[in-house]
Amino acid sequence: MAVDLLKFGSCTVSNVVDKSTVSVKSFWDGTPCVIALLRRFGCAFCRLHALELSRFQSAFQAKGVRLIGIGHDTEGVEEFREGQFFSGELYLDEKKETYAALGCGSVGLVPGMFSLVQSAGRNLVRETKGKNVVGNLKGDGWQTGGLVVVDKDGSLLYSFKQTKVTDNPDYVKIKELFNLKEEDLAPLKGNQPKAVSITENERTNFRRHASSIISTGLQPRVERRR
C-alpha cells in the first residue's frame, strides 16, 4: 500500500504512562522503528498480535530498534497493560488520526462477522485458545489496524494494512528486515493471568448475534411489486 509518511509523521499521540504528547515522526528520528496500529485492546486476536510483536523486543533493543504500539480506545487500555500483552512503548490516538493517515478504516458489520466464521477466523480462534490468550467484547471491534517499519532516515521499509479483522502482518518479513532468526526471538508469552476473559454468557450472546447478522446479511433482497 502507498503510505504518506509525511502525513503519518505529522500526527500526534499520547503516552499511556505519563500522558506526554509526541509527534509520530519522532519515533524514527535517528533510529529505526516498528509501529503497530492496534485494532482493539480487548480483542484476543489483537492481543495475540501484540504478543507476537513482543517476541522481537529484546532483539530490537539490541539493534537499537524502537517497538511502538498505538491504540485508539481508552476502554481496556489498563487491562491490556496489566495483562502484559505488549513489551514495547504504548501510545493512544483517540482521534484516530494515525489510522486515517494509513488508510485504516472500519469494516462493515456483516463482512466483519463473516470473516470471523471463515477459515482464517476459525484458525485464529483455535490459536488464541491454544496459546491461552483471552479477550473481551469491549470497545470498537470493527476498526482495522496496520503496521509500518521505518528506517532511521525516514524511509519506509515495510507497510501492512488490514482489510479484514483476521489479517496479520508478515512476521517473517520483519525478521528479514533486521536480519533476525527465529532463535533470536523470545518465546511467546501465554496464559495471561491478569486479563479478564469473555464470560460464557457473553460468548453465547455474541455467537447468536453473529449468526443473526450473517444470516440477515446473506439473504437476497426481495423487491416489492407495486
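Is Glu-89 buried, partly exposed or exposed? Glu-89 is partly exposed, with a relative accessible area of 26%. This is a predicted model.

**Salt bridges**

The structure holds 9 salt bridges. Three of them are listed here.

| Pair | Closest N to O |
|---|---|
| Arg-47 and Glu-79 | 2.8 Å |
| Glu-182 and Arg-55 | 2.5 Å |

Glu-89 lies in strand E5 and Arg-66 in strand E4, so their bridge ties together parts 23 residues apart in sequence. Arg-66 is partly exposed too, at 23% relative accessible area.

Glu-182 sits in the loop between H8 and helix H9, and Arg-55 in the loop between H2 and H3, so this pair ties together parts 127 residues apart in sequence. Glu-182 is partly exposed at 40%, whereas Arg-55 is buried at 14%. Both belong to a network of salt bridges that share partners, which also includes Glu-52, Glu-127, Lys-131 and Lys-175.

Arg-47 and Glu-79 link helix H2 to helix H4, 32 residues apart. Arg-47 is buried, with a relative accessible area of 0%. Glu-79 is buried as well, at 12%.

Why is H2 largely enclosed by the rest of the structure? Of its 11 residues, 11 are buried. Among them are Phe-45, Arg-47 and Leu-53.

The largest nonpolar core has 34 residues. H2 gives the most to this core, with 6 residues. Phe-60, Leu-147 and Ile-174 touch the most other members. Beyond its sequence neighbours within four places, Ile-174 contacts Leu-53, Phe-56, Phe-60, Leu-147 and Tyr-158. A second, separate core has 20 residues, including Val-3 and Cys-104.

Terms used. Residues numbered from 1 in each chain as written. Predicted model: local features only at pLDDT ≥ 70, side-chain atom pairs only at ≥ 80, totals over all residues. Heavy atoms only, no water. Core = buried A, V, L, I, M, F, W, Y, C linked by side-chain atoms within 4.5 Å. Buried < 20%, exposed > 50% of the residue type's maximum accessible area, 1.4 Å probe, protein only. Helix = DSSP H or I, 4+ residues; strand = E, 2+ residues; numbered from the N terminus. Contact = heavy atoms within 4.5 Å. Salt bridge = Lys/Arg side-chain N within 4 Å of Asp/Glu carboxyl O.
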